[in-house]
Amino acid sequence: MVKASTTKLEESRGSFLSKKSSSKSGKKIVLIRHGCTYMNEYLSKAGCGWGDAGFTDIFPEEDKVALYRDTPLSPTGQAQAKLLSQQLKFRHSHILEEIEIIAVSPLTRALQTVELALLPNVKPLQKINGEKMALDKDLNTNMFFGNSKRNNKEVPVVALPLAAERMYLVSDIGSKTSKLAGNFPYVDFDSEFETSESEWWFKLKHAEKYREWRPNGRGQTYAYPGEPQDAFDSRMSSLYDWLAKREESCICLVCHWGVLEWLTGDDFDNCEMRVLDFNELRCNIATKQDLITED
């Protein structure tokens with residue numbers, strides 16, 4: 001999240017290629033970072049970068065709060081997601097054919113990326129009274145794609161709190177599931193959520209023990225306590241376990257820079273996609289766990 005936007009719309013280098021040839025483990029992970037957001041654009045402004053003196057993510061103006069808390073895609077991000085959709089449809093349809101489930105961070109920018117980049121090409125399933133049903137009604141994507149036919153394959157779309165961005169800034173505070181379910185009715189907001197927790201994002205449990213780990217000491221101020229490294233590591237390990245235990249042979253994960261960097265060790269540009277063998281993640285996890293143990 002802390003990485004400022006890359007606003008180029010052309011295909012990122014290596015976007016659709018696995019860094020190594022896929023092994024015969026049988027499970028593939030399609031990794032997609034969300035499109036450019038208003039917060040990405042704010043971070044790219046002079047004096048507003050991560051670590052800059054006087055940096056703040058506190059916005060008293062109501063209109064700015066709407067842009068930066070649970071920050072949505074900017075017009076540039078929407079264009080990136082629509083371009084990815086076209087690339088999938090016309091150049092990489094084989095990837096769509098393999099995807100068996102879409103797991104998405106419940107932050108709005110990731111949900112919007114799914115809607116614009118993936119749903120024009122697949123038919124989402126929605127869980128109703130415990131049963132999966134194909135959602136065949138018009139979606140918001142029609143305003144961008146008209147009545148173009150989607151792939152007939154039906155794929156469940158599951159919101160996964162484990163895949164949310166690390167709590168860096170106000171943009172990483174989420175929206176309540178009741179609001180999200182109204183905006184994204186084709187997404188399963190039940191299966192992976194605690195039933196009593198409509199506010200699902202990171203909350204600091206022991207404020208008296210918190211030590212600021214983000215850049216500070218030069219006038220920086222923050223709207224919300226950041227997620228400590230040990231808490232983030234624990235959540236990412238749980239995300240890895242979730243992916244490992246799933247029975248699907250191809251999982252699409254739509255999430256964030258910090259999550260993807262933790263899983264792969266690499267930077268991802270906005271709307272960049274990579275297809276990896278699951279074992280490629282495992283090597284990186286083992287390395288990270290060794291480093292954590294050494295610390």
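**Aromatic pairs and their surroundings**

Tyr68 counts as buried because its relative accessibility is 8%, and the cut-off for that class is under 20%. The model is predicted, and the values below are computed from it. Tyr42 is also classed as buried, with a relative accessible area of 10%.

A search of the whole structure finds 13 aromatic pairs. One of them joins Tyr42 and Tyr68 in a tilted arrangement, with 5.2 Å from centre to centre and 50° between the planes. The pair links distant parts of the chain, as Tyr42 belongs to helix H1 (residues 38-43) and Tyr68 to helix H2 (residues 62-68), 26 residues apart. With Tyr42 at 10% and Tyr68 at 8%, both partners of this pair are buried.

A second pair has another geometry. The ring centres of Tyr168 and Trp213 are 5.9 Å apart and the planes meet at 65°, so this pair is edge-to-face. Tyr168 sits in the loop between strand S5 (154-159) and helix H7 (177-183), while Trp213 sits in the loop between H7 and helix H8 (229-245); the pair therefore ties together parts 45 residues apart in sequence.

Ring pairs connect Tyr42, Trp50, Phe55, Phe59, Tyr68, Tyr168, Trp213 and Tyr222 into a cluster. Both pairs described above therefore have their members in that cluster.

Most residues other than glycine have a negative phi. Asp70, in the loop between H2 and helix H3 (75-91), has a positive phi of about 45° although it is not a glycine. Its relative accessibility is 5%, and so Asp70 counts as buried. Cys271 also has a positive phi, near 65°, and is likewise a residue other than glycine. Cys271 is placed in the loop between helix H9 (257-264) and strand S7 (273-277), and is buried at 10% relative accessibility.

Aromatic rings also take part in charge contacts. Arg274 lies over the face of Phe268, 4.1 Å from the ring centre. Lys27 is placed over the face of Phe278, at 5.4 Å from the centre of that ring.

Burial can be followed in a helix as well. Ten of the eleven residues of H5 (residues 108-118) are buried, so this helix is largely enclosed by the rest of the structure. The buried residues of H5 include Leu111, Val114, Leu116 and Leu118, along with Arg109 and Glu115.

For the chain as a whole, the secondary structure consists of ten helices and seven strands. Buried residues make up 52% of the 295 residues. Among contacts with a separation of 6 or more, 82% are between residues 24 or more positions apart. The Tyr42 and Tyr68 pair, 26 residues apart, and the Tyr168 and Trp213 pair, 45 residues apart, are examples of links over such separations. The accessible surface comes to about 13,900 Å², with 49% of it belonging to carbon and sulfur atoms.

Conventions:
Residues are numbered from 1 along each chain as its sequence is written. This is a predicted model: local features need pLDDT of at least 70, side-chain atom pairs count only at pLDDT 80 or more; totals for chains, interfaces and linings use all residues. Side-chain values use heavy atoms; hydrogens and water are left out. Buried means under 20% relative accessible area, exposed over 50%, partly exposed in between (1.4 Å probe, protein chains only). Helices (H or I, at least four residues) and strands (E, at least two) are DSSP runs, numbered from the N terminus. Rings of Phe, Tyr and Trp (its six-membered ring) pair if their centres lie within 6.5 Å; planes under 30 degrees apart count as stacked, over 60 as edge-to-face and the rest as tilted. A charge sits over a ring if NZ of Lys or CZ of Arg is within 6 Å of the ring centre and within 35 degrees of the ring normal. Contact means heavy atoms within 4.5 Å. Accessible areas come from the Shrake-Rupley method with a 1.4 Å probe; for residues, only the protein chains shown count as cover.
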